[in-house]
Amino acid sequence: MKLVTVAGPPSSGKTSVILHTIRELEKAGISVGVIKFDCISPGDEEIYQAAGVPIRIGLAGNLCPDHFFVSNIEECVSWGLKENLDLLITESAGLCNRCSPHIRGILGICVIDMLSGINTPKKIGPMLRLSDMIVITKGDIVSQAEREVFAFRVGRANPSAKIIKINGLTGQGVLPLADEMRNTPDTITVNDCSLRFAMPAALCSYCLGEIRIGRDYQMGNVKRMEF
C-alpha cells in the first residue's frame, strides 16, 4: 500500500483536491482511502462517504494535532492494509501553520490557496518548506500578476518542491498529482520512520489543563517575550 500525507491551512482546498485526485486514480483501478485529522469537527466525512471513499476521522480535541497524528499514524497504516487499499491519504489541517505531519520517505504534499495572501508562503512552516509537492489552489480568482508573485514566493520558500496549480472546483491540473501518488513507493509500516521536522514543543501547565493566568501557574515548557 502507498501512503501520502497532505497538509495545508484550513479552507485551502485540501479535500477538493484529494477528491479530484481520487477520481482520477480510480479510473486506473486504484482503491484509495482517507484518514482525516482535525481538532474539533472536520465536516468532511459526509463528503467522502458520498463519493464512496473509505474514510476515518481522527479528532485531536484539546491535544496538539501533530502529537495526535504521530501517535495514531501506525494504526492508520494498519487500517489501510486491513481494508486492502492501494493508497492511503492522510489529510491534516495546519491550524497553527507550524504543523509538520510529513514523514521521511513518504510523499508529502502541501495545499495552499492564493486567497490567503501573497505573504502567506513565508508564514507557513515545515508543512510547506519540507513538502515534496506544493499544490496551489484558487488561482482562478486572482489576477495573473498575483498568481506569478504567489508562485514565486512559494518556490522561494521551498525551492526543491514540485509546484502545481489545481482548480478545486473543476479538478483541472490534477493529473500530475495523481501520477505522483500512483508512482510513489509502497509502505508496509511506518514503525521506526522519522518525521521530517520536530513537532511543536509541548508539556507546559496549560497542556495539562491549567486555565489560570499568571507566572505562579506556569510550569514546564514556557517561552517569554522580551520587551
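E210 counts as buried, because its relative accessibility is 19% and the cut-off for buried is under 20%. This value, like the others below, comes from a predicted model. E210 sits in the segment that follows helix α6 (175–183). The side chain of E210 comes to 2.9 Å from the backbone nitrogen of R212. Once neighbours within four places in sequence are set aside, the residues in contact with E210 are S205 and Y217.

Helix α5, which covers residues 144–157, contains F152. Between F152 and I136 there are 12 Å in space, taken from C-alpha to C-alpha, and the two are 16 residues apart in sequence.

Rolling a probe the size of a water molecule over the atoms shows where empty space is left. Searching the whole structure in this way gives 1 cavity of 30 Å³ or more. The volume of the largest cavity is about 50 Å³. Its lining is formed by F37, D38, P65, D66, F69, S92, A93, C99 and P101. Two or more lining residues come from each of β2 (32–38), α3 (65–82) and β4 (87–93). Helix α3 gives the most, with 3 residues. By residue class, the lining of the largest cavity has 6 nonpolar, 1 polar and 2 charged residues.

Definitions and conventions: Residues are numbered from 1 along each chain as its sequence is written. This is a predicted model: local features need pLDDT of at least 70, side-chain atom pairs count only at pLDDT 80 or more; totals for chains, interfaces and linings use all residues. Side-chain values use heavy atoms; hydrogens and water are left out. On a 1 Å grid over the protein atoms alone, a cavity is a set of points where a 1.4 Å probe fits but cannot get out, and a pocket is an open set with protein on both sides within 12 Å along at least five of seven lines; lining residues have an atom within 4 Å of a point. Grid points are joined across faces, edges and corners, and a volume is the space filled by probe spheres set on the points. Helices (H or I, at least four residues) and strands (E, at least two) are DSSP runs, numbered from the N terminus. Ala, Val, Leu, Ile, Met, Phe, Trp, Tyr, Cys and Pro count as nonpolar, Asp, Glu, Lys and Arg as charged, and the others, Gly among them, as polar. Buried means under 20% relative accessible area, exposed over 50%, partly exposed in between (1.4 Å probe, protein chains only). A polar contact is a pair of N or O atoms within 3.5 Å; within protein, one must be able to donate a hydrogen and the other to accept it, and residues adjacent in sequence count only if both atoms are side-chain atoms. Contact means heavy atoms within 4.5 Å.
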